[in-house]
Amino acid sequence: MAKSKFEYVKKFEENDVCLPNCWIVVRIDGRSFHRFSEDHCYSKPNDVRGLSLMNKCAEEVMQQFHDITISYGESDEYSFIFKRKTTQFSRRKSKLMTNIVSLFSSCFVFHWQKFFPDTKLQYPPMFDSRVAVYPALENIRDYLNWRQADCHINNLYNTCFWTLVNRGGLTTTEAEKKLKGTLSGDKNEMLFSEFGINYNEEPDSFKKGSVLIRELYEDEVVKKTKDGELTNETTKRTRSKVVLLHQDIIGNSFWKQHPNIL
């Protein structure tokens, strides 16, 4: 870049490099998504189309940023965990945030019609983003535990709330009042005794959220000569693909099955 007398203004830029040797988490979250979901006729308490669209956007983010080792999503939010030694954008917080949220938002609009073929996008969605760094394995595990616990708590409440409204005939105010002060056991009992719903049988994609990881696999590639011509010989090549799971990540079983994620 050519130098000029105006270049001194770069000195005013904030040094926002994330701490070294730490996992970097970029979390995006829908802004005013309650109104957005109402305006676009989302099914309550869970809209499979909306969740599938979120998962598709997150998958494309992981395809673009290979240093993301695991992602976790629930409702209108997604967390992207960059590996501890990443040098992506020189670990600059602003660069990581803006690139992730802009790609996710554009993918959301780009793929909207595929997942909502009968619903016109009335206005652009908005997502905010934030960055946090975690120095210890215990910290990053607890972060993911926190988000999955949040998914369970919110989904149980929303399942009760919208069942009371849609099947119980209550207004939203009445449903909110009835659920005030109830514990998880109370909500489970209410669903089963009043509506015959066993919450444990609800889909794991609703209760546990979405986990995206990379899995390695081997494929065969035909060898070429120095001139680029195909031969009759093949060689095996190790590649990775992004896989969507709906599993418990709070316990140790998941991490024993996938020991290299973190």
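**Close-up views of a predicted model**

View A. The model shown here is predicted. Strand E3 spans residues 77–82, and six of its six residues are buried, so the rest of the structure largely encloses it.

**View B. Neighbours of E3 in the sheet.** Strand E1 (residues 23–30) runs antiparallel to E3, joined by six bridges. Arg27 has Ser79 as its bridge partner in E3. Strand E2 (residues 68–74) is also antiparallel to E3, again through six bridges. Here Tyr72 is partnered by Ser79. E2 and E3 make a hairpin with two residues between them. In that turn, Ser75 has a positive phi of about 50 degrees.

**View C. An aromatic cluster.** Ring pairs link Phe33, Phe36, Tyr42, Tyr78, Phe80, Phe104, Phe108, Trp112, Phe116, Tyr123 and Phe127 into a cluster. The model has 23 aromatic pairs. One of them is Phe36 with Tyr42: ring centres lie 6.2 Å apart and planes meet at 70 degrees, so the pair is edge-to-face. Both Phe36 and Tyr42 are buried.

**View D. The Phe108–Phe127 pair.** The rings of Phe108 and Phe127 have centres 5.4 Å apart and planes at 65 degrees, so this pair is edge-to-face. Phe108 belongs to helix H3 (residues 93–115) and Phe127 to strand E4 (residues 127–134), so the contact ties together parts 19 residues apart in sequence. Phe108 and Phe127 are both buried.

**View E. Charges over rings.** The charged end of Arg147 sits over the ring of Trp146, 4.2 Å from its centre. Lys241 places its charged end over the ring of Tyr217, 5.4 Å from the ring centre.

Conventions:
Residues numbered from 1 in each chain as written. Predicted model: local features only at pLDDT ≥ 70, side-chain atom pairs only at ≥ 80, totals over all residues. Heavy atoms only, no water. Phe/Tyr/Trp six-rings, centres within 6.5 Å; stacked < 30°, edge-to-face > 60°. Buried < 20%, exposed > 50% of the residue type's maximum accessible area, 1.4 Å probe, protein only. Helix = DSSP H or I, 4+ residues; strand = E, 2+ residues; numbered from the N terminus. Lys NZ or Arg CZ within 6 Å of the ring centre and 35° of its normal. Pairing = 2+ DSSP bridges.
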